[in-house]
Protein chains: 2
Amino acid sequence: MTATTMATARIAALQALLRDGGFDAALLHSAADVFYYTGTKQPANLLIPAGAAREPALFVRRARDFVEEDIRASGFPRAWVADGQSFREVAARLATLGLAGGTLGTSEDKLPTSLYRSLARALPGWELRDLSALVLGQRMVKEPGEVELMRRACGLFAAGHEAILAAARPGISELEVSLAIFAALRLAGHEEYIPMRRWDAYLPPTGTFASGESLWRISGHAFTVTGVGISPAVPIGPSLRRLQAGDLIVYDVPTNYRGYFGDTARTYVVGEPSAEQRRAFDACVGVYRATIAALRPGITAEGLFVVARAAAAETPYAPYFMGYGDKQGAYIGHATGLEQDEPPVLSPRVTTPLRPGMTLAIEPKFIIPGFGAVDVEDTWLVTEDGCEVLHEQPNDLFVVG
Amino acid sequence: MTATTMATARIAALQALLRDGGFDAALLHSAADVFYYTGTKQPANLLIPAGAAREPALFVRRARDFVEEDIRASGFPRAWVADGQSFREVAARLATLGLAGGTLGTSEDKLPTSLYRSLARALPGWELRDLSALVLGQRMVKEPGEVELMRRACGLFAAGHEAILAAARPGISELEVSLAIFAALRLAGHEEYIPMRRWDAYLPPTGTFASGESLWRISGHAFTVTGVGISPAVPIGPSLRRLQAGDLIVYDVPTNYRGYFGDTARTYVVGEPSAEQRRAFDACVGVYRATIAALRPGITAEGLFVVARAAAAETPYAPYFMGYGDKQGAYIGHATGLEQDEPPVLSPRVTTPLRPGMTLAIEPKFIIPGFGAVDVEDTWLVTEDGCEVLHEQPNDLFVVG
């Protein structure tokens with residue numbers, strides 16, 4: 001018997017989900033998944049038999065000494081740690097457990113096909129099936145300890161914001177401001193890496209600091225303000241463009257505190273805002289408030305998007321809501337946690353009902369060609385009877401320069 | 001007919017390789033592969049029929065305007081650009097081309113299993129097979145234009161080196177020095193992103209700046225000096241450790257210029273080096289020189305490793321060559337290019353003969369618990385009759401502080 005710890009409680013919950021979902025075992029290999037159940041980000045494969053009768057095994061691919069340090073904090077039992085770089089050890093363990101065959105779940109959205117093929121060869125008696133929905137479903141509702149880390153993550157944004165107020169002025173480049181922001185964020189505790197769930201997604205760890213025409217040049221990597229980067233080799237992030245009086249600026253960064261994200265964005269203007277800039281910003285804040293007012297348990301992901309879109313339709317900027325033309329996104333935000341882009345995305349046809357404990361980045365924006373963009377984003381916790389922002393970060397059309 | 005351009009020449013070469021390899025077509029989806037043949041890093045799927053008779057199609061998943069800008073430089077024909085976010089368009093195009101079935105190659109080391117399954121569903125008449133060895137084999141031998149970009153990438157290291165000489169002193173943290181290095185590299189042209197081929201690999205875009213005991217705490221993410229990071233959530237990269245008089249320091253960074261890498265490392269000491277530090281560094285340089293002296297066409301990847309290991313065996317530091325104990329790596333370097341970790345790795349059982357045009361990072365090191373680490377790395381071009389360093393970066397046991 002093992003005393004209940006953070007790790008063993010999470011694993012027991014997954015073991016029940018596996019049994020109910022028709023899986024005989026799970027093999028987790030992806031860093032965020034393994035970290036959630038064990039506390040380590042070292043390369044490892046985690047075998048979890050369905051039901052409570054059989055013990056899991058963490059096959060450490062490398063660096064067992066680090067793994068043993070990491071699991072102390074999570075309470076993953078040391079007796080469950082094993083060595084094994086290949087799937088042969090997994091096959092042998094399944095046989096030892098009396099599991100000769102059945103259905104094995106892996107996170108197929110993260111498993112490369114070449115590994116899938118070698119896993120299938122190592123386990124000829126097994127049918128392989130995707131279980132990412134089960135794991136992501138469990139991770140969707142955050143525990144209080146996770147929420148606390150996410151509050152800390154959201155709080156990091158303040159350091160970047162202060163760096164912008166101090167550095168942004170006419171003549172300085174997007175890249176130069178970004179470097180000042182990055183230094184402030186990192187010294188405040190921001191990790192350098194932004195893990196994403198979607199296979200082809202990438203976001204720069206400095207965040208997106210974009211100004212002027214960079215605001216409406218939307219890279220294909222996201223239907224949002226992406227920035228254009230310094231060359232086509234990495235077509236996202238800050239560019240060498242220098243700030244000019246009158247520029248709108250958006251800073252959007254998923255801050256990472258000990259593996260957990262907060263996602264926050266604010267809008268700035270170089271010098272006093274024009275009436276039109278103020279009007280667009282106020283319209284964005286209006287959509288934001290309408291969305292937050294509807295954010296409570298029971299509404300679906302799609303339902304929240306519909307509320308936001310309806311609010312945007314009442315503004316003069318409806319054609320620019322979440323992008324424009326063929327670059328208009330249909331979403332108002334997404335869940336976040338151990339990966340920046342967790343499900344559910346708040347989009348049409350996503351019927352997931354929102355539940356207490358979900359953590360959602362709400363991010364209305366208008367992206368207006370020839371004009372700029374305005375954007376407000378904070379990360380919210382769904383509570384029993386409504387919602388609560390994870391960090392009170394002042395929101396305004398901030399004047400810089 | 002299309003005039004021969006960089007893109008069409010590379011595609012024609014792959015079409016011949018596909019035909020000879022028994023493939024009827026290739027579908028490339030991974031960013032570095034698509035970039036190599038088209039010049040764009042926007043999300044897109046590239047369909048290339050085998051042989052010269054049929055035309056390729058670039059299915060743009062998003063941001064066609066950026067794609068059309070990007071392909072102008074590479075000469076990928078605009079007539080080959082198509083819209084299509086899913087595999088349905090690919091299936092329809094194959095039918096239009098008169099290809100009802102056969103063998104379709106994808107880069108299975110990069111294709112998530114969930115995409116493999118949907119591709120298999122969209123193309124019921126097709127057998128899917130891995131072609132990554134074909135594509136990586138073609139990319140292995142660099143063209144003069146690629147070598148030129150890699151020279152520029154290697155040259156970026158000088159900016160980071162100068163930043164270390166200016167910033168490193170007792171009392172400053174690894175993280176603080178890293179931020180100074182990162183700012184210098186980025187302003188010199190370094191991209192923020194380090195694409196890796198291996199599915200679970202990650203390296204921080206600031207590079208690895210590690211000192212003192214951080215040098216022998218080797219994360220499982222690589223058998224090298226990794227640094228320990230600021231928390232177990234990203235257990236690699238600079239830490240909050242403060243430099244002390246007498247510390248050894250290693251700085252190792254894959255610099256990225258317009259998508260191409262140079263990989264360089266140097267060793268530093270805080271204050272005057274001790275006799276033992278000097279001796280270990282000189283031993284490392286000895287292994288480096290012996291390896292470079294053997295680097296020429298015809299020797300195999302394994303052969304070069306054997307030379308290096310033999311040179312290391314003649315020093316007092318053999319047990320610490322490329323790590324120690326269960327963290328001792330068996331390699332002396334790796335190819336680099338559009339991804340930091342391209343094949344071949346210079347390891348036992350890798351029988352690839354080295355050929356003119358290959359670009360190889362050579363990186364001997366000794367990692368000595370309780371003492372530190374010494375490391376020298378540069379990126380070399382294999383020439384017709386030997387080799388040539390891509391950038392002449394001074395090498396010494398540099399004194400800082």
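Modeller: Asp326(B) is exposed, because its relative accessible area of 66% lies over the 50% that the term requires. The model is a predicted one, and the value is computed from it. Asp326(B) belongs to the loop between α11 and β10 (333-335) of chain B.

Helix α11 (residues 301-313) of chain B packs with helix α10 (residues 275-293) of chain B; their axes come within 9 Å and cross at roughly 150°. Since angles over 145 degrees count as roughly antiparallel, α10(B) and α11(B) are roughly antiparallel to each other. Their crossing is right-handed. On the side of α10(B), the contact involves Val287(B), Ala290(B) and Thr291(B), which meet Leu304(B), Val307(B), Ala308(B), Ala311(B) and Ala312(B) of α11(B). By class, seven of the residues in this contact are nonpolar and one is polar, with no charged residue.

Ala245(B) is located in the loop between β7 (208-211) and β8 (248-257) of chain B. What is its state, buried or exposed? With a relative accessible area of 63%, Ala245(B) is exposed. When residues up to four places away in sequence are not counted, Ala245(B) touches Pro170(B) and Val270(B). Between Ala245(B) and Gly189(B) there are 56 residues in sequence and 32 Å in space, taken from C-alpha to C-alpha.

The relation of chain B to its partner comes next.

Helix α8 (residues 174-188) of chain A packs with helix α9 (residues 174-188) of chain B at an angle of about 165°, and their axes are 10 Å apart. The two helices are therefore roughly antiparallel to each other, and α8(A) passes α9(B) in a right-handed crossing. From α8(A), the contact is made by Leu175(A), Glu176(A), Leu179(A), Phe182(A), Ala183(A), Arg186(A) and Leu187(A); from α9(B), it is made by Leu175(B), Glu176(B), Leu179(B), Phe182(B), Ala183(B), Arg186(B) and Leu187(B). In the contact of α8(A) with α9(B), 10 residues are nonpolar and four are charged, while no polar residue takes part.

Two positions in chain A complete the account. Glu148(A) is placed in helix α7 (residues 144-167) of chain A and counts as partly exposed at 45% relative accessibility. The C-alpha atoms of Glu148(A) and Leu390(A) are separated by 8.6 Å, although the residues are 242 apart along the chain. Thr103(A), in strand β5 (residues 102-106) of chain A, is buried with a relative accessible area of 11%. Leaving aside neighbours within four places in sequence, the contacts of Thr103(A) are with Gly22(A), Phe23(A), Asp24(A), Ala25(A), Trp126(A), Glu127(A) and Arg129(A).

Terms used: Residues numbered from 1 in each chain as written. Chains lettered and ligands numbered in written order. Predicted model: local features only at pLDDT ≥ 70, side-chain atom pairs only at ≥ 80, totals over all residues. Heavy atoms only, no water. Helix = DSSP H or I, 4+ residues; strand = E, 2+ residues; numbered from the N terminus. Buried < 20%, exposed > 50% of the residue type's maximum accessible area, 1.4 Å probe, protein only. Contact = heavy atoms within 4.5 Å. Axes fitted to C-alpha atoms, helices over the stretch in contact; angles between N-to-C directions. Parallel < 35°, antiparallel > 145°, perpendicular 65-115°, else oblique. Left-handed = near helix turned anticlockwise from the far one by under 90°. Nonpolar A, V, L, I, M, F, W, Y, C, P; charged D, E, K, R; others polar.
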